[in-house]
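My notes follow in the order I looked things up.

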Amino acid sequence: MIRTTFLLAAVATLAAAPAGAQLLNQDHGQYSRADIEVGQRLYGPQCQVCHGDGVVERTEPLEFRVKPGTRDGQRIRLAGKGNAGLHGGPFGDLYIIIRIGEHPVFRRDGDDIYATIPVSAMEAALGAKIEVPTIDGRAQLRVPPGTQSGQKLRLREKGVPSATKDGVRGDQIVEVKIVVPEARDLKVRELWQELQKLTPEDPRQELWNKV
């Protein structure tokens, strides 16, 4: 559970009080003061605090819980935390609309998490076990030999917990981005040229066959 606190500008109801009374709002140590004439009710038109509406504005912090798996646009209802009704009416409800911000690494689609992970050409060609980030921390991912750029690999149950199904969790989908090292010196260039001789296949042959 995520516990969130925010400040709410609410409307509180005032009750009738005798002259010189102090109307105290004990919530979170905040106080309001009003001087009322003898016999005058706060709902009357001469009230200098509520101006006859029976309500005044105040700001108070509220805490609410966001369940794991809560989705963008989902609505949370806090009963009795809305504005007070006019002339002594009951308090309404407060509705909170969830807006999920963007993340520089992760992207959410339903209960699945997507991430693009750089992989070296050697790791993609020979296969490797690499560490990748997840929303829970680091996890091991097996890169099969011959992995291609853009290929998607799956980490089971590393996504978002379902908000509707207990014990169900999405996956993390890792999209591979192959990073080719630069031939910065003659030795590296010779190695790439030797590799080219050993693998003379045309990577565009399948494309030409379709044209």
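Entry 1: Next I asked what share of the residues is buried. I found that 29% of the 211 residues in the protein chain are buried.

**Entry 2: confidence.** The protein chain has a mean pLDDT of 79, and 75% of its residues reach 70 or more. Which elements sit at the two ends of the scale? Strand β1, residues 2-13, has the lowest mean pLDDT among the elements, at 45, while strand β9, residues 152-155, has the highest, at 97. I then noted that the pLDDT is below 50 over residues 5-45. Even there, the model shows 98 contacts for this stretch beyond near neighbours in sequence.

**Entry 3: layout.** I counted elements next and got three helices and 10 strands in the protein chain. Reading along the sequence, I wrote the pattern down as β-β-β-β-β-β-α-β-β-β-β-α-α. I also looked at contacts with a separation of 6 or more: 51% of them join residues 24 or more positions apart.

**Entry 4: the largest pocket.** I went looking for pockets, and the largest has a volume of about 650 Å³. I found 24 residues in its lining. Which of them lie nearest the centre? They are Thr70, Ile100, Arg108, Ile113 and Val160. Strand β5, residues 107-109, gives the most to this lining, with three residues. Sorted by class, the lining of the largest pocket has 11 nonpolar, eight charged and five polar residues.

**Entry 5: the second largest pocket.** I moved on to the second largest pocket, which holds about 370 Å³ of space. Where does the largest share of its lining come from? I traced that share to helix α2, residues 186-198, which supplies three residues. I listed the lining as Ala125, Gln148, Trp192, Leu195, Gln196, Thr199, Glu201, Asp202 and Pro203. By class, I have four nonpolar, three polar and two charged residues for the second largest pocket.

**Entry 6: a line to remember.** When I come back to this predicted model, I will keep the pLDDT below 50 over residues 5-45 in view.

Technical notes. Residues numbered from 1 in each chain as written. Predicted model: local features only at pLDDT ≥ 70, side-chain atom pairs only at ≥ 80, totals over all residues. Heavy atoms only, no water. 1 Å grid on protein atoms, 1.4 Å probe; cavity = no way out; pocket = protein on both sides within 12 Å on 5 of 7 lines; lining within 4 Å. Points joined across faces, edges and corners; volume = space filled by probe spheres on them. Helix = DSSP H or I, 4+ residues; strand = E, 2+ residues; numbered from the N terminus. Nonpolar A, V, L, I, M, F, W, Y, C, P; charged D, E, K, R; others polar. Buried < 20%, exposed > 50% of the residue type's maximum accessible area, 1.4 Å probe, protein only. Contact = heavy atoms within 4.5 Å. pLDDT = per-residue confidence, 0-100.
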